[in-house]
Amino acid sequence: RWLPIFTILSGALFSAMSATVTYCDNGYIAELASVVIVPDDPVPGDKYQTQVSFWWPDLQPSVSEGSQELRITLSGFPIANTKSPLCDNVPCPIVNGWNNHTWEGDVPTGVHGDVQIYENWLTADGRSIFCFDVVYYI
């Protein structure tokens, strides 16, 4: 008798969980960085936006080439693991001062679990520009 009620309540609780963003602790060059997911509780079948802002230090050269590491897992199972040219996915050049980037993503349907998205933007010589993880539950 209580199982259906618990199932409904736990489903409501998990579907209302907000996305969490953490920054890589191995260091990166960008300063005053922020990542925002809109909406912060992605819904299966909908779109979401990732908004990234950061300050590129004045003493750093502009970045017009490099690579982007992207890893996506669903409840720990690998979905994607790619390394592609940075400027294919990030507006280049990355210039001194504020840089703001926004892009859309699709929330998968027909699956349930924790979605983890890891991104690391790298200069041509392999230094990390900006690195972060986003986790949300669907």
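This briefing covers the nonpolar core, the strand pairing and the salt bridges of the structure above. The model is predicted. Its largest nonpolar core has 25 residues, and the structure holds three salt bridges. An open sheet of three strands is described below, along with a hairpin of β4 and β5.

- Strand β8 gives the largest share of the core, five residues.
- Leaving aside residues up to four places away in sequence, Phe54 touches a run of residues that includes Ala30, Glu31, Leu32 and Ala33.
- The contacts of Phe54 also include Ile94, Gly97, Trp98, Asn99 and His101, as well as Trp121 and Phe130.

**The open sheet**

- Three strands form an open sheet in the order β2-β3-β6, and their pairing is antiparallel.
- Strands β2 and β6 are the edge strands, each pairing on one side only.
- From one strand to the next, the twist averages 10°.
- Six bridges join β2 and β3 in the antiparallel sense.
- Ser34 has Ser53, in β3, as its bridge partner.
- In a regular strand, side chains alternate between the two faces of the sheet.

- Strands β4 and β5 pair in the antiparallel sense, over eight bridges.
- Ser67 stands opposite Pro85, which belongs to β5.
- Two residues lie between the strands of this hairpin, and Ser75 takes a positive phi near 50° there.
- Strand β5 has nine residues and the number buried is zero, so β5 lies largely in the open.
- Lys83 has a relative accessibility of 57%, so it counts as exposed; the cut-off for exposed is over 50%.

**Salt bridges**

- Side chains of opposite charge can pair when their charged atoms come close.
- Asp106 and Lys47 form a salt bridge in which the closest N and O atoms are 2.5 Å apart.
- This pair links distant parts of the chain, with Asp106 in strand β6 (residues 97-106) and Lys47 in strand β3, 59 residues apart.
- Asp106 is exposed because its relative accessible area is 53%, whereas Lys47, at 46%, is partly exposed.
- Glu69 and Lys83 meet through their side chains in a salt bridge, at 4.0 Å from N to O.
- Here too the pair links distant parts of the chain: Glu69 is in strand β4 (residues 66-74) and Lys83 is in strand β5 (residues 77-85), 14 residues apart.
- Asp125 forms a salt bridge with Arg127, and the closest N and O atoms of this pair are 3.3 Å apart.
- Asp125 counts as exposed because its relative accessibility is 57%.
- Arg127 counts as partly exposed because its relative accessibility is 34%, and partly exposed covers the range between the buried limit of under 20% and the exposed limit of over 50%.

How values were computed
Residues are numbered from 1 along each chain as its sequence is written. This is a predicted model: local features need pLDDT of at least 70, side-chain atom pairs count only at pLDDT 80 or more; totals for chains, interfaces and linings use all residues. Side-chain values use heavy atoms; hydrogens and water are left out. A nonpolar core is a set of buried Ala, Val, Leu, Ile, Met, Phe, Trp, Tyr and Cys residues joined through side-chain atoms within 4.5 Å. Buried means under 20% relative accessible area, exposed over 50%, partly exposed in between (1.4 Å probe, protein chains only). Helices (H or I, at least four residues) and strands (E, at least two) are DSSP runs, numbered from the N terminus. Contact means heavy atoms within 4.5 Å. Two strands pair if DSSP finds at least two bridges between them. Axes are lines fitted to C-alpha atoms, for helices over the stretch in contact, and angles run from 0 to 180 degrees between N-to-C directions.
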